[in-house]
Amino acid sequence: MKILRLGKNGQVGWDLQCTLASLGSVLVLDRHGATMADVPWGIKSAAGKRVHGDLTKPEQIVDTILRLQPDVVVNAAAYTAVDRAESEPELARLVNTQAPAAMASACDQVDALLVHYSTDYVFDGASANPYSEDDKPSPKSVYGQTKLEGEEAVRVFAKKHLILRTAWVFGSHGGNFLKTVLRLSQERSSLRGVDDQIGTPTSASYIAETTASVIAQLVTENRYESLASPSLRDPDYGTYHLSCAGRTSWFNYACYVVQTARLLGMGGKLRPEAIEPIASTAYPTAAARPTMSVLDTSKLQKTFGIWSPMWELEVPKVLLQLRAQQKAEKAVLQ
Ligand SMILES: NC(=O)c1ccc[n+]([C@@H]2O[C@H](COP(=O)([O-])OP(=O)(O)OC[C@H]3O[C@@H](n4cnc5c(N)ncnc54)[C@H](OP(=O)(O)O)[C@@H]3O)[C@@H](O)[C@H]2O)c1
């Protein structure tokens, strides 16, 4: 399988490097692109030309996909600065809507599967129940709106698409809430956490593992051909909710991270009891966020047999990775 992965150094992109490698040849592009010599499969067209991964230049992404003719494109790149998007809506729309639209149309031309990530922030949070794929999105922010428009473009332009909506991502690589809390726990003896926004922290490694498993089921396994009924033979392209199981608030999440870090010998000045729950109104942000954005992941379970781990089980794994990284960095400095 020839796989093109966009978004090299993001949280999800980073963890995809291990999981996709088992599926075939992978070319990874960041915004700086690469040379044709970096492409791990044979291409007839001009050597010496560059391939591009900058999502602010959708026409170059199209040219790259048409030339590379991949079987699968995994787009882990996105404009993810939720608050900054309120003052940079054009840039957010270019990266989150126009680039995926161009990608989708190019994928369709070369008959490639496009795997694209979206967000729980497409919902307004007014529901009391976890959101299913059939619930009507109604974003409250520019980020959520541009991601929703990106989803819609992918659905329209790429027959073979997977849109994986995820939430509250954390991992050992890149910036995220868990790492911020861990850093602040070393520096401060008190902290405040928003207690009236409910969601599900989801590890980048779980997203990456699930992505590879779903691609394998859709592309490499013959499960559709072997089904007896022709009506069941259409591969399960479409939109899926992909998050860990459980739910929490930012406040409880922060308490859990600090408590677990202490148990693992990574604690600092901050004790979990010193974290104060606050309302969103006490922590104004440029972008409004949904108050309840838990995702119902049963469609993913039923279709691909994938069961989400509880988010609390993923936190210590990432903390241990961070501890190992810190130790390795110290060893290099000594
Ligand atoms: N983070 C979350 O909590 C969260 C929640 C729900 C859904 N999601 C979705 O999950 C997906 C992965 O998110 P993530 O957390 O892994 O994001 P992330 O850590 O913020 O990484 C974003 C990636 O996009 C790249 N990128 C940004 N602008 C680009 C451009 N113009 N051209 C090429 N690359 C560009 C970044 O490259 P540089 O490193 O060069 O900047 C980075 O590699 C995204 O679709 C996001 O919307 C994330």
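Reply: Happy to! A polar contact here is a pair of N or O atoms within 3.5 Å. Keep in mind that this is a predicted model.

Me: Which side-chain N or O atom lies 2.8 Å from an oxygen atom of the ligand?

Reply: That one belongs to Arg 31. A polar backbone atom of Val 12 is also 2.9 Å from an oxygen atom of the ligand. As for cover, the ligand taken alone exposes 910 Å², and the protein buries 81% of that.

Me: How many residues surround the ligand?

Reply: There are 23, and the closest include Thr 80, Tyr 143 and Lys 147. By class, the shell has 11 nonpolar, nine polar and three charged residues. Helix H1 (11-21), strand E6 (113-119) and helix H4 (142-157) each supply at least two of its residues. The largest share, three residues, comes from E6.

Me: And how do I read a pocket?

Reply: Rolling a probe the size of a water molecule over the atoms shows where empty space is left. In this structure, the second largest pocket has a volume of about 300 Å³. Its lining has 14 residues, with Leu 182, Met 266, Leu 322, Arg 323 and Gln 326 nearest the centre.

Me: Which helix gives the largest share of that lining?

Reply: H9 does, with seven residues. By class, the lining of this pocket has three nonpolar, five polar and six charged residues.

Notes: Residues numbered from 1 in each chain as written. Predicted model: local features only at pLDDT ≥ 70, side-chain atom pairs only at ≥ 80, totals over all residues. Heavy atoms only, no water. Near = heavy atom within 4 Å. Polar contact = N/O pair within 3.5 Å; in protein donor to acceptor, adjacent residues only side chain to side chain. Areas by Shrake-Rupley, 256 points an atom, 1.4 Å probe, with all protein chains shown as cover. Helix = DSSP H or I, 4+ residues; strand = E, 2+ residues; numbered from the N terminus. Nonpolar A, V, L, I, M, F, W, Y, C, P; charged D, E, K, R; others polar. 1 Å grid on protein atoms, 1.4 Å probe; cavity = no way out; pocket = protein on both sides within 12 Å on 5 of 7 lines; lining within 4 Å. Points joined across faces, edges and corners; volume = space filled by probe spheres on them.
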